[in-house]
Amino acid sequence: MAFRQPVDLDAINAHARNSLVGHLGIVLTGAGEDWLRGTMPVDARTHQPFGILHGGASVALAETLGSMAGNLSVDPAREMVVGLEINANHMRAVREGVVTGTARALHVGRSTQVWEIRIENEAGKLVCVSRITLAVVPAAGPGA
């Protein structure tokens, strides 16, 4: 099992509400032993000027899911994760609706983690595949 702490989707969503995550409409919707799932609307907030899902919005969804999953996989009293690298391949355009991303652990180590995030459209077709590498670092104290 990748997660070392309970997954309280309501608490995580409430905590993220006043950030980029909330602005983009990203909502965590499910979790398993080694995966975390969330959705993002495809609308004016996430479109690029030509009316399709912005690649950067897909990356924001991927980084959100990977980083949140990574942080659930460490002891929050001692550690946190921060992004080292993220990449994304965009497979299909989406004009409207909702996309769903699922982050799955590929490697959860003591100093690094690697997560793959697959983003699909409402028909279950692959829109984007991303991979994020996270560094496990000491937890930031108050005022850090």
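Mentor: Happy to! Let's start with Gln5, which lies in the segment before helix H1 (9-16). Helices (H or I, at least four residues) and strands (E, at least two) are DSSP runs, numbered from the N terminus. The model is a predicted one, in which local features need pLDDT of at least 70 and side-chain atom pairs count only at pLDDT 80 or more, while totals for chains, interfaces and linings use all residues. Residues are numbered from 1 along each chain as its sequence is written, and side-chain values use heavy atoms, with hydrogens and water left out.

Gln5 counts as partly exposed because its relative accessibility is 23%; buried means under 20% relative accessible area, exposed over 50%, and partly exposed in between (1.4 Å probe, protein chains only).

Now see what lies around Gln5. Leaving out residues up to four places away in sequence, Gln5 touches Asn71, Leu72, Val74 and Pro76, where contact means heavy atoms within 4.5 Å. Take Asn71: 66 residues separate it from Gln5 in sequence, yet their C-alpha atoms are 9.1 Å apart in space. The Gln5 side chain also reaches the backbone oxygen of Asn71 at 2.9 Å.

Thr64 counts as buried, because its relative accessibility is 10%. Beyond its neighbours within four places in sequence, Thr64 is in contact with Val21 and Ile26.

Technical notes. Polar contact = N/O pair within 3.5 Å; in protein donor to acceptor, adjacent residues only side chain to side chain.
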